[in-house]
Amino acid sequence: KETLFKRAFNDSSTLANTLATFSTRSLLSGYEASPRTFDGAFRESVSRNFKANERIRVSDTPALAVVAEGANFQEVLLSDRKESFTIAKYGHILKYTIEAMVNDDLGAIGREAERAGFAAAVTESNVFWSVITSNSNMSDATPIFDAGENNLVTAVALSADALEDAREYFRNATTENAVKLNLQAKYLFVAPDLERTAEKLIS
């Protein structure tokens, strides 16, 4: 066993690939075991480096206007906004001795890899929700949720009436150019202590 483990750290050995595959499979298993509550509700994008990333949002087009016979089309103006962000690197190093690996027969590596994968998923969720719950500022120094952006309503207790008011709010929401969006509420995010109440209300 000890000879095989030593060979695993030699690039010319195929056992290095075996250990890498084993650890990766365990990592993925642990990562997928932790539910990420934001999946599906938010758009995911890829960053290929640690440089500042930019996202551009172009303003909406105003509602179309009637054009009389012989008249010219009305010219409209569009605007844009830019958001910039950088990604961070998270992780740690786990060290194993030859003796530990020989004695445990790879079991410890698999369990620790699963725990590391689970920790990665938990960290991902914590970082994501900290941005939302802290109501971080956008590039124009305005918080994500702000009354001036028409995306913040007065805080009220979670109730059937509050949900109906929220649905009505989404239906009547408009764009910067006063175009009615007629949005349909699809997700309800609540803190753990409100989960039971939320489940009763939406069922």
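Modeller: We shall cover confidence, then the fold, then the aromatic rings.
Modeller: This is a predicted model, in which local features need pLDDT of at least 70, side-chain atom pairs count only at pLDDT 80 or more, and totals for chains, interfaces and linings use all residues. Residues are numbered from 1 along each chain as its sequence is written, and side-chain values use heavy atoms, leaving out hydrogens and water.

Colleague: What is the mean pLDDT of the chain?
Modeller: The mean is 83, and 89% of the residues reach 70 or more; pLDDT is the predictor's confidence in each residue, from 0 to 100.

Colleague: Where is confidence lowest?
Modeller: In helix H1 (residues 2-8), at a mean of 62, while helix H6 (residues 195-202) is highest at 93.

Colleague: How many helices and strands are there?
Modeller: The chain has 6 helices and 2 strands, taken as DSSP runs (helices H or I, at least four residues; strands E, at least two) numbered from the N terminus. Their order from the N terminus is α-α-β-β-α-α-α-α.

Colleague: Turning to the rings, how many aromatic pairs are found?
Modeller: The whole structure holds 8 aromatic pairs, meaning Phe, Tyr or Trp rings (six-membered ring for Trp) with centres within 6.5 Å; planes under 30 degrees apart are stacked, over 60 edge-to-face, the rest tilted. One of them, Phe42 with Phe128, is edge-to-face, at 4.8 Å centre to centre and 70 degrees between the planes.

Colleague: Which parts does that pair tie together?
Modeller: Phe42 lies in the loop between helix H2 (15-33) and strand S1 (53-58) and Phe128 in helix H4 (residues 107-133), so the pair joins parts 86 residues apart in sequence.
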